[in-house]
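Please examine the sequence and the model shown below. The paragraphs that follow lead through selected features one after another.

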Amino acid sequence: AYEVRLSLVGSEMCIRDSTKAGRRYRFHAIVDEFHTTLQQELNYELEAQNLITVGKNLEDFPHIQVPQPVMDYSTRSILTMEYVSGRKITSLTPLARLDVDGAALCEELFRAYLKQVLVDGIFHADPHPGNVFLTEEGRIALLDLGMVGNTAPQMQESLLKLLLALSDGDSDAVADVVVRTSERTEDFSPAEFRRRISQLVAQTRNRGLAQIKVGASILEITQSAAENGLYVPSELTLLGKTLLQLDEIGRILAPEWDPNASVRRNVDEFMSQRMKKDMSKGNVLSSILELKEFVSGLPSRVNRIMDTVVNNELEVKVKSVDAKLVMEGMQKIANRITTGLILAALIVGASLLMRVETRFTVFGYPGFAMLCFTAAAGGGFWLVISIFYQDYKDKKKIKR
């Protein structure tokens with residue numbers, strides 16, 4: 001579907017989509033993101049900073065451990081971390097799981113990730129079972145923070161709304177969030193997209209707890225968006241992939257644990273944390289400065305507007321994006337109506353002339369009247385053919 005030339009040492013990259021599927025799913029953007037992610041994962045200095053940042057953000061979670069780097073023994077190509085004594089989640093035997101409170105661990109792990117995504121703005125984006133350890137103290141250790149995701153404040157609010165709508169089974173709210181945060185194409189079909197989202201949400205709502213997968217549902221939504229002409233932000237796809245991996249960990253630790261219920265239980269906490277973050281000293285001072293600038297400049301702006309009104313210099317400009325197309329369509333309609341009126345006049349006139357006897361006849365009928373009938377029949381046939389031909393051309397243009 002695409003051609004790629006990629007150099008990990010340098011930054012050279014050439015990508016060309018050559019199929020309709022490649023352009024629809026924006027393979028060039030996916031490969032570009034993959035290239036950036038690989039470069040970040042090979043930079044151990046960056047991974048060390050990620051360990052420090054995420055570890056600090058998760059200090060309030062007693063059952064979550066993020067091993068910290070030993071900076072004196074770490075470089076760009078070498079990373080030394082605290083030793084973690086434990087085993088992979090996948091190596092737990094059914095007997096060993098009896099000694100672990102799997103539901104409590106799943107709840108805290110999911111809360112930790114929701115805080116990272118919806119409040120902190122940076123999250124561990126590769127929590128597959130090989131990167132999640134169960135320590136001897138019964139804690140969960142997160143390893144390999146070379147791949148992290150970042151979410152801007154506005155995107156955090158959109159993701160929170162999406163998770164809430166998905167957990168409540170509100171397909172309209174899910175569609176609204178995805179449309180608002182995505183880039184639309186000419187092929188976007190709002191009705192078809194909402195119908196598809198409604199089906200996906202209904203399927204999720206009808207599943208049992210053992211089959212509910214929040215990450216898989218988000219990835220299905222992003223796929224449906226791409227198929228209906230929407231370019232979803234990369235943060236949404238990365239969130240779906242991360243939650244899908246968390247779902248797999250939850251199946252191992254506590255098969256009956258419900259992630260949707262966890263979202264509803266913790267939404268109040270996330271909202272209050274976001275409000276506190278937005279009400280920080282820097283944000284408040286910035287808002288005060290913007291308000292001061294607006295108030296101080298308001299009198300002069302009002303004076304300019306009033307002077308413009310008094311001097312009759314106020315102009316209102318309306319810009320129509322598709323004015324040319326609208327005018328062309330109206331001209332076609334007017335031409336067809338005019339042609340129809342002329343043909344109708346010929347028919348009426350020929351009918352009246354049929355009563356006038358003339359020396360010139362055709363098949364025993366007045367010749368001039370027959371000529372009018374012939375012209376009207378030919379014009380009507382031409383008008384019908386042109387209408388069908390023009391409609392056929394317009395349909396082909398829309399499909400392209």
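Helix 9 is largely enclosed by the rest of the structure, because 10 of its 14 residues are buried. The model is a predicted one, and in it the buried positions of helix 9 are Val214, Gly215, Ala216, Ser217, Ile218, Ile221, Thr222, Ser224, Ala225 and Ala226. The helix covers residues 214-227 and reaches 20 Å from its first C-alpha to its last, close to the 20 Å expected at 1.5 Å a residue. Just after helix 9, Gly229 takes a positive phi of about 90°.

In one of them, Phe110 and Trp257 are arranged edge-to-face, with 5.3 Å centre to centre and 75° between the planes. Phe110 belongs to helix 5 (residues 102-120), whereas Trp257 lies in the loop between helix 10 (234-253) and helix 11 (259-278); the two are 147 residues apart. Both Phe110 and Trp257 are buried.

Glu107 counts as buried because its relative accessibility is 16%, which is under the 20% limit.

A further salt bridge connects the side chains of Lys241 and Asp126, at 3.3 Å from N to O. Lys241 lies in helix 10 and Asp126 in the loop between strand 5 (122-124) and strand 6 (132-135), so this pair ties together parts that are 115 residues apart in sequence. With a relative accessible area of 12%, Asp126 is buried, whereas Lys241 counts as partly exposed at 23% relative accessibility.

The salt bridge between Arg195 and Glu192 is local, its closest N and O atoms being 2.4 Å apart. Because they are three residues apart in helix 8 (residues 190-206), Arg195 and Glu192 are separated by about one helical turn. Arg195 is partly exposed, with a relative accessible area of 39%, and Glu192 is likewise partly exposed, at 31%.

The surface also carries a nonpolar patch formed by Leu291, Phe294, Val295, Leu298, Val302 and Met306, with about 540 Å² of accessible area together. Of these residues, Leu291 is placed in helix 12 (residues 281-310). Leu291 counts as exposed because its relative accessibility is 53%.

Methods. Residues are numbered from 1 along each chain as its sequence is written. This is a predicted model: local features need pLDDT of at least 70, side-chain atom pairs count only at pLDDT 80 or more; totals for chains, interfaces and linings use all residues. Side-chain values use heavy atoms; hydrogens and water are left out. Patches are made of residues with over 30% relative accessible area and no salt bridge: like charges are joined within 9 Å, nonpolar side chains (Val, Leu, Ile, Met, Phe, Trp, Tyr) within 5 Å. Accessible areas come from the Shrake-Rupley method with a 1.4 Å probe; for residues, only the protein chains shown count as cover. A salt bridge is a side-chain nitrogen of Lys or Arg within 4 Å of a carboxyl oxygen of Asp or Glu. Helices (H or I, at least four residues) and strands (E, at least two) are DSSP runs, numbered from the N terminus. Buried means under 20% relative accessible area, exposed over 50%, partly exposed in between (1.4 Å probe, protein chains only). The expected span of a helix is 1.5 Å times one less than its number of residues. Rings of Phe, Tyr and Trp (its six-membered ring) pair if their centres lie within 6.5 Å; planes under 30 degrees apart count as stacked, over 60 as edge-to-face and the rest as tilted.
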